[in-house]
Amino acid sequence: MNGDGENPVPGRKLPGMKPENYKKIGLWGAAAAVLIYLGSTSFYTVQEQERAAILTFGKYTNESSAGLHFKWPYPVQEVITVPAELTQRIHIGYRQEAEGAVAVEDEAMMITGDENIVSADAVVQWKISNIRDYLYNIDDPEQFLRNSASSSIRAVIGSEKLDYAITDGKTVIQDKVRELLIDLQKKYNTGIQIIDIKFQDIEPPSGQVEEAFREVTNAREEKNTKINNAKKYENDIIPKARGEAQALLERAEGEKKSRILNAQGDVAQFNAIFAEYSNNQSVTESRLILETLETILPSAKIFITNSNSDTVNYLPLNELMRNTSVSPSASAAPQGGTAE
């Protein structure tokens with residue numbers, strides 16, 4: 001053998017290498033290749049957000065969740081993994097690119113029930129609920145979901161008026177589309193679960209139509225603002241008015257009870273006086289006359305005279321009252337007489 005490792009004598013076997021050794025080496029090599037092949041095709045790993053469908057001779061037989069699993073080598077068994085635990089999204093009316101949202105006019109443009117054109121963009125959230133149906137009942141699950149979502153949106157918006165669709169009816173339309181889309185998935189057994197659908201925009205095409213509807217929307221918002229302010233004022237005034245009315249009623253009720261009690265007291269007082277009057281009419285009558293005179297004539301001076309004679313008595317009472325305030329020295333006796 002030379003330095004290149006070649007046999008210098010063609011047709012001559014290397015020393016120490018018998019033919020049966022070549023056969024053993026080949027067998028061991030084949031066995032190692034088989035073992036490597038079996039090892040690489042008998043174990044598989046399922047990620048956290050995935051689930052695996054196991055096919056035995058091409059037929060669905062089982063499924064497995066996340067982790068390391070064993071299977072019979074191919075072609076006995078085959079494994080297909082799908083992101084069944086992952087919530088996925090598809091966009092209707094636009095595509096989310098690296099530079100931003102790119103409109104897809106063919107999907108976005110729709111006709112409303114009053115024969116107007118509207119542009120609708122939506123996001124559908126979904127996940128795989130049945131691996132077998134997802135793999136075998138539809139050829140292209142994502143495209144089927146896109147087509148069914150687009151048709152559901154067109155069916156619902158096509159039954160509504162444009163003014164309702166772009167203003168108050170967005171939430172109602174959204175709910176109707178979700179129900180219709182769920183029914184389609186059940187009808188065709190797609191193995192797809194619809195989690196939610198949300199409209200990004202429902203608006204008329206750009207231009208004069210968009211500007212006109214923007215003015216309509218602003219007017220409606222202004223109307224709602226004024227209505228809310230009026231309700232706020234109403235909610236502020238009415239409770240106050242009710243409180244004042246209740247206060248008036250309570251004061252009137254208090255006045256009523258007060259007068260009733262006073263009247264009852266007066267009646268009780270009258271009854272007591274009447275009872276005393278019945279026992280001694282003259283004394284009670286005199287006392288009542290005096291009390292009444294004291295009440296109506298608090299500063300009057302009373303003079304009692306004898307009026308039994310037929311002559312008229314003249315008493316200069318005012319002069320006599322003034323004279324009582326004059327000292328005795330000033331009231332001397334007449335000249336030529338003596339004071340008694």
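Student: Which residues form a nonpolar patch on the surface?

Tutor: Ile289, Leu290, Leu293, Ile296 and Leu297 form this patch, and together they have about 450 Å² of accessible area. This is a predicted model, where local features need pLDDT of at least 70, side-chain atom pairs count only at pLDDT 80 or more, and totals for chains, interfaces and linings use all residues. Residues are numbered from 1 along each chain as its sequence is written, and side-chain values use heavy atoms, leaving out hydrogens and water.

Student: Is Ile296 buried or exposed?

Tutor: Buried means under 20% relative accessible area, exposed over 50%, and partly exposed in between (1.4 Å probe, protein chains only). Ile296 is exposed, at 56%, and lies in helix α8 (residues 281-296). Helices (H or I, at least four residues) and strands (E, at least two) are DSSP runs, numbered from the N terminus.

Student: Where do nonpolar side chains usually go?

Tutor: In soluble globular proteins, they tend to be buried together. A nonpolar core is a set of buried Ala, Val, Leu, Ile, Met, Phe, Trp, Tyr and Cys residues joined through side-chain atoms within 4.5 Å. Here the largest one has 33 residues, with Val124, Trp126, Ile153 and Phe199 making the most contacts inside it. The largest share of this core, 6 residues, comes from β10.

Student: What does Trp126 touch?

Tutor: A contact means heavy atoms within 4.5 Å. Leaving aside residues up to four places away in sequence, Trp126 touches several residues, including Leu86, Ile90, Tyr134, Leu145 and Ile195.

Student: Which residues other than glycine have a positive phi?

Tutor: Glu115, with phi near 65°, is one of them; Asn189, with phi near 50°, is another. Glu115 sits in the loop between β9 (109-111) and β10 and is exposed, with a relative accessible area of 71%. Asn189 is in the loop between α6 and β11 and is partly exposed, at 42%.

Student: How many helices and strands does the protein chain have?

Tutor: The protein chain has 9 helices and 11 strands. Buried residues make up 21% of its 340 residues.

Technical notes. Patches are made of residues with over 30% relative accessible area and no salt bridge: like charges are joined within 9 Å, nonpolar side chains (Val, Leu, Ile, Met, Phe, Trp, Tyr) within 5 Å. Accessible areas come from the Shrake-Rupley method with a 1.4 Å probe; for residues, only the protein chains shown count as cover. A salt bridge is a side-chain nitrogen of Lys or Arg within 4 Å of a carboxyl oxygen of Asp or Glu.
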